[in-house]
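The following paragraphs lead through one protein model, from its overall form to single residues. Please keep the sequence and the structure in view while reading.

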Amino acid sequence: MQQSIPDELQHIREQGLYRSLRSVQGRQSAKVEMAGRETLLLCSNNYLGLADHPALARAAVDAVERLGTSSGASRLVSGTMEIHELLESAVSAFKQTEAALIFNSGYAANSGIIPAVVGRGDVVFSDRLNHASIVDGILLSSAKLVRYPHNDIQALDRLLDKYRGTGRCLIVTDGVFSMDGDIALYAELISLKQHHDALLMVDDAHGCGVLGTGGKGSAEMCGVIKDVDIHVGTFGKALGSYGAYAALSLDLRELLINRARSFIFSTSLPPAVVAASLAALELIGTEEGRELRKKLHANASLFRGLLVEAGFHTYGTTQIVPIITGDATVTMEFSRQLLDEGLFVQGIRPPTVPQGASRLRCTVMATHSADDLAWAAERIAAIGKSLGII
Ligand code: PMP
């Protein structure tokens, strides 16, 4: 018999996996207003505070005034405006690739690029902790999905051997893993890709703007920016805007224009958003960008240190600081009690993370003060103790 929708919702509730929306008033700053009270925001991807930066706002307002509010069509119809091409040139210069192509979001990029590059008879090797949009792209592609244990290079090597000669091979990985905050093992992945004649695609949504001396991302930080075939990054996180890019060869760009359905069949980004992304890329390369990154990294190590000192289990080295709690229901209770005290940290449960690996995913911003973070760590420790997590 068909399950009713209320029964399905009840089932989700019983599993402790029910999700609901929480609204933030005003700007996405380090402190926001929620339900009429000042709240410290510790779960935003606005890592450098650029969503709240006057240079981006000015660029967006100026673009609305000059170019209007919509692109009016998809890119292959009449929706390619000069400003889209300017952003693509800026991205290819930023990532040191021959070419770049803009997508409407990171989700649209991953779910469009992968089926454009591989299909039936091909194989995609995907890190087990890759973002859901990568997994969805692989499922849409009809290529064989081979998941390898997180950052396990020996296992990946064996799997690449096993599928040798089976069509086109694509290795795909997050650059900075979105839920664990650790970094892909670039040097090893590149030597495997070369040895096995595979393509390497890296989704650096959380590294772009944040890592590397020029803010070009985790591949820059690891000194391998030239060795990645397809760089994906998003404008909606550290870059304070919206949308995504693929930075790649001219041939791959042509292939995506012809094959990537999320690119072909969707209205292109409005000019104001593109203008804000251009302003963000410019800012990333300035002294101000470097200072913001320095502050972000200092904040992340301060906050991680305080949590470890308090006895929490965490991972990674970046601005993503997970607190591993395990049980989904306890995690949501932890998040609820923190919100009652004026601290917004989202709980993350399956299917976003594996069963038993629920967590509070704290994300640090350059715009947090050291006092904010010390206060947050102290409240997290107090509630963590009362819930028996530490
Ligand atoms: N890739 C990763 C690693 C992400 O974390 C996200 C966003 N959570 C995306 C892609 C999707 O990007 P967007 O929000 O622009 O759709």
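Two residues are in contact if their C-beta atoms, placed from the backbone, lie within 7 Å. By that criterion, and not counting residues up to four places away in sequence, Leu 160 touches Phe 125, Cys 169, Leu 192, His 196 and Ala 198. This is a predicted model, in which local features need pLDDT of at least 70 and side-chain atom pairs count only at pLDDT 80 or more, while totals for chains, interfaces and linings use all residues. Residues are numbered from 1 along each chain as its sequence is written.

Leu 160 is found in helix H6 (residues 153-162). Helices (H or I, at least four residues) and strands (E, at least two) are DSSP runs, numbered from the N terminus. A residue is buried if 20 or more other C-beta atoms lie within 10 Å of its own, exposed if 12 or fewer, and partly exposed in between, with C-beta atoms placed from the backbone. Leu 160 counts as buried because it has 21 C-beta neighbours inside 10 Å. Its C-alpha atom is separated by 9.1 Å from that of Lys 193, 33 residues apart along the chain.

The overall form comes next. The secondary structure of the protein comes to 14 helices and 13 strands. The radius of gyration is 21 Å, close to the 21 Å that the globule rule gives for 390 residues, so the protein is as compact as a globular protein of that length. The radius is taken over C-alpha atoms, and the rule is 2.2 Å times the number of residues to the power 0.38. Along the principal axes, the C-alpha trace spans about 55 × 55 × 50 Å. Of the 390 residues, 50% count as buried. Among contacts with a separation of 6 or more, 69% are between residues 24 or more positions apart.

Two of the sheets can be followed strand by strand. Strands of a sheet pair through backbone hydrogen bonds, either parallel or antiparallel. Two strands are taken to pair if DSSP finds at least two bridges between them. S1 and strand S2 (residues 37-41) run antiparallel and are joined by four bridges. Across this pairing, Lys 31 stands opposite Leu 40, and Met 34 stands opposite Arg 37. S1 and S2 form a hairpin with two residues between them, and Ala 35 in the turn has a positive phi of about 50°.

The other open sheet is antiparallel, with three strands in the order S10-S13-S12. S10 (320-326) and S12 (347-348) stand at the edges, each with a single partner strand, so one side of each is left without a neighbour in the sheet. Helix H13 (residues 328-340) packs on this sheet, touching S10, S12 and S13, and its direction makes about 35° with that of S13. Axes are lines fitted to C-alpha atoms, for helices over the stretch in contact, and angles run from 0 to 180 degrees between N-to-C directions. Six bridges pair S10 with S13 (residues 358-363) in the antiparallel sense; among the paired residues, Val 321 has Cys 362 as its bridge partner. In the loop between S12 and S13 lies Pro 351, joined to Pro 350 by a cis peptide bond with omega of about 10°.

Strand S3 (residues 99-103) is largely enclosed by the rest of the structure, because four of its five residues are buried. S3 runs antiparallel to strand S9 (residues 244-248), with five bridges between them, and Ile 102 stands opposite Tyr 245. The loop between helix H3 (82-95) and S3 holds Gln 96, which has a positive phi of about 55° although it is not a glycine.

The ligand site is the last stop. Of the 14 residues around the ligand, Ser 105, Gly 106, His 131, Ser 178 and Ala 205 come nearest; a residue is near a molecule or strand if its C-beta atom, placed from the backbone, lies within 6 Å of it. Helix H4 (residues 106-117) supplies the largest share of the shell, three residues. The shell divides into three nonpolar, nine polar and two charged residues. Here Ala, Val, Leu, Ile, Met, Phe, Trp, Tyr, Cys and Pro count as nonpolar, Asp, Glu, Lys and Arg as charged, and the others, Gly among them, as polar.
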